[in-house]
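Biologist: I am new to this structure and would like to learn how to read it. Could we take a few features in turn, with the general idea before the case?

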Amino acid sequence: MTSRSGAGPRLPQPRKRLGQHFLHDVRALEAIIDALGPLAGRTVVEIGPGRGALTERLAGRAGRVVAVELDRDLAAGLRVEYALRPHVRIVEADVLDVSLGALAEGPYVLAGNVPYYITTPILFHALEHPRPDVAVYLVQKEVADRMAAVPGSKVYGALSVNLQAFVKVRFMRAVGPRSFNPPPAVESAIVQVVPRETPAIEPLHERAFRTFVIGAFGLRRKQMLRVLRTLTGLDASECRSLLEGCDIDPMARPETLSCDDFARLVRALAARSTPPEPETASG
Ligand code: SAM
């Protein structure tokens, strides 16, 4: 919304419970746009447009913008602002209740200075199909670090594996609290997320994969032999042979395993519990 003082309608006070920290740093806004790549003719879905600082930049470059805002007052203000620009659609909704792909009606890219209280659910919501060709998020720096972490690093965990199995994550740049109004209590960062050409795990096993990874990192100080025994209830010798069959050291800790290691293990567990196909009588 354009009027920030005296002349125009008054802006509503930021609502803390909706994670409202409005970005006013031009360089950070431009960094989000740059990380999205070429926008001409493309559809952008924006999460939480707020007062429209990012929306306005997207509207000037993209073919279509669909912005999803939960705050009724902000959504109403944006609807007025964009009433005469039909390529910008403001949707008043909880972003977790809408299908991003259905809103886009075709290929799309995703952008958002997201509300920090639901960052993780948003990241997983955006993994549903159809996935955006690229997503750029402004998130808490601590979350960005975990999203992009590599095996063996201190912050590598379930979030890293469960995202990186499906997408490539790139840490773009840090953004300080003073870039926002009101300033949040924490550092923030811009991350770029692009779907992997071949995900580490196939759709059939996605659910089991996520559950197993969360379980394993719940036991991150334990060795994989113990982790597997605890999570499956199988005996030690079976766990050892499963791990060795997957080329995983039974003494390794979960924090050293790659997405592909976890994927091999989840597939092996699924194969173990799937009864073999009955032989067909061939006459
Ligand atoms: N994009 C704006 C900017 O950069 O200045 C605002 C970012 S602010 C961190 C997060 C925005 O998401 C707020 O406008 C807030 O009202 C909105 N929001 C909070 N929860 C939401 C939800 N569940 N669905 C959609 N929008 C939400």
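Modeller: Helices and strands here are DSSP runs, numbered from the N terminus; a helix has at least four residues and a strand at least two. Keep in mind that this is a predicted model.

Biologist: With those labels, where is E105 found?

Modeller: E105 is found in the loop between α4 (100-104) and β5 (109-113). Its phi is positive, about 60 degrees, although E105 is not a glycine.

Biologist: Now the ligand. Which residues around the ligand come nearest?

Modeller: A residue counts as near if one of its heavy atoms lies within 4 Å. There are 23 residues around the ligand, and Q20, G48, E69, N113 and Y117 come nearest. By type, this shell divides into 13 nonpolar, six polar and four charged residues. The strands β1 (22-23) and β3 (64-69) each supply at least two residues of the shell.

Biologist: What lies 2.8 Å from an oxygen atom of the ligand?

Modeller: A polar contact is a pair of N or O atoms within 3.5 Å. In the side chain of Q20, an N or O atom is 2.8 Å from an oxygen atom of the ligand. From L23, a backbone N or O atom lies 2.8 Å from an oxygen atom of the ligand. The side chain of Y117 has an N or O atom 2.8 Å from a nitrogen atom of the ligand.

Biologist: How much of the ligand's accessible area does the protein cover?

Modeller: On its own the ligand has 590 Å² of accessible area, and the protein covers 99% of this. The ligand sits in the largest pocket.

Biologist: How is a pair of aromatic rings described?

Modeller: By the distance of the centres and the angle of the planes. This structure holds four aromatic pairs. For Y156 and F217, the ring centres are 5.9 Å apart and the planes are at 80 degrees, so this pair is edge-to-face.

Biologist: Why does the pair of Y156 and F217 tie together parts of the structure?

Modeller: Because Y156 lies in the loop between α6 (141-148) and α7 (158-164), while F217 lies in helix α8 (residues 206-218); the parts tied together are 61 residues apart in sequence.

Methods:
Residues numbered from 1 in each chain as written. Predicted model: local features only at pLDDT ≥ 70, side-chain atom pairs only at ≥ 80, totals over all residues. Heavy atoms only, no water. Polar contact = N/O pair within 3.5 Å; in protein donor to acceptor, adjacent residues only side chain to side chain. Areas by Shrake-Rupley, 256 points an atom, 1.4 Å probe, with all protein chains shown as cover. 1 Å grid on protein atoms, 1.4 Å probe; cavity = no way out; pocket = protein on both sides within 12 Å on 5 of 7 lines; lining within 4 Å. Sits in = over half its atoms within 2 Å of the grid points. Nonpolar A, V, L, I, M, F, W, Y, C, P; charged D, E, K, R; others polar. Phe/Tyr/Trp six-rings, centres within 6.5 Å; stacked < 30°, edge-to-face > 60°.
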